[in-house]
Amino acid sequence: MKQRSLVVVTAGVSRPSSTRLLADRLSAAAVDHAAGLGVDLTVRVVELRDLAHDLMNHMLTGFPPEALRDVLDDVAAADGLIAVTPVFNASYSGLFKSFFDVLEKDTLADKPVLIAATGGTARHSLALDHALRPLFAYLRAAVVPTAVFAASEDWGGDEAEGQLRGRVDRAGRELAREIERREPAGVVDPFALTTSFEELLRS
């Protein structure tokens, strides 16, 4: 089995949170489909509400506290990412945006990303294409085609649950395929010597 890693970033602000619930369903679908492709996918779930103060401190000082630094390093080293936000005022939450604002340049370049959101009504689903996709396109992530939105009514009733399960399953399958077909992600040491000593002498 190939070994790959997945980080799940969820910006729900309450406990229990429908945002976390959706994130868990998406990661479970990705793990199941990855296993079918011969990939053992390890998952780390990050609840941004636990990092809210660290994020603000980092934005003010430019230095991430240890807990936040650990999460940023894991995102950089991950083979895939699931990003889930509640929709506030027709867009992603400020907490969600703050996290992606502090990622170092090129962290998400060509990294497979599944985007998802939760909201009170289906009208908020427009935020996926009008807010989240442009954000991750700017970050040069490889966003999978299927984005998943869950409104309040999606959590009740057999028909609604079935439709949500179908979207979750399709998105998880797309993410697993993108992770499987890529080489393992790796973090480049900015201090690593990329030029030999002999080449330095000749320059």
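Author: Phe96 and Phe100 sit four residues apart in helix 4 (residues 94-101), so about one helical turn separates them. The model is predicted.

Reader: What makes Phe96 and Phe100 an aromatic pair?

Author: Their ring centres are 4.9 Å apart, and rings pair if their centres lie within 6.5 Å. The structure holds five aromatic pairs, and Phe96 with Phe100 is one of them.

Reader: Why is the pair of Phe96 and Phe100 called tilted?

Author: The angle between the planes is 55°. Stacked needs under 30 degrees and edge-to-face needs over 60, so an angle of 55° counts as tilted.

Reader: How do you know whether Phe96 and Phe100 are buried or exposed?

Author: Buried means under 20% relative accessible area. Phe96 has 0%, so Phe96 is buried. Phe100 has 4%, so Phe100 is buried too.

Reader: What makes the pair of Phe100 and Phe136 edge-to-face?

Author: The planes of Phe100 and Phe136 are 75° apart, and over 60 degrees counts as edge-to-face. The centres are 5.0 Å apart.

Reader: Which parts does the pair of Phe100 and Phe136 tie together?

Author: Phe100 lies in helix 4 and Phe136 in helix 5 (residues 126-138), so the pair ties together parts 36 residues apart in sequence. Both Phe100 and Phe136 are buried. Tyr92, Phe96, Phe99, Phe100 and Phe136 form one aromatic cluster.

Reader: Why are helix 2 and helix 3 called roughly perpendicular?

Author: Helix 2 (residues 52-61) and helix 3 (residues 66-77) pack at an angle of about 90°, with their axes 9 Å apart. Angles of 65 to 115 degrees count as roughly perpendicular, and therefore the two helices do.

Reader: Which residues make the contact?

Author: Asp54, Leu55 and His58 of helix 2 meet Ala67, Leu68 and Leu72 of helix 3. By class, the contact has four nonpolar, one polar and one charged residues.

Reader: Why is Asp110 called partly exposed?

Author: Its relative accessible area is 49%. Buried means under 20% and exposed over 50%, so Asp110 falls in between. Arg140, at 48%, also counts as partly exposed.

Technical notes. Residues numbered from 1 in each chain as written. Predicted model: local features only at pLDDT ≥ 70, side-chain atom pairs only at ≥ 80, totals over all residues. Heavy atoms only, no water. Phe/Tyr/Trp six-rings, centres within 6.5 Å; stacked < 30°, edge-to-face > 60°. Buried < 20%, exposed > 50% of the residue type's maximum accessible area, 1.4 Å probe, protein only. Axes fitted to C-alpha atoms, helices over the stretch in contact; angles between N-to-C directions. Parallel < 35°, antiparallel > 145°, perpendicular 65-115°, else oblique. Contact = heavy atoms within 4.5 Å. Nonpolar A, V, L, I, M, F, W, Y, C, P; charged D, E, K, R; others polar.
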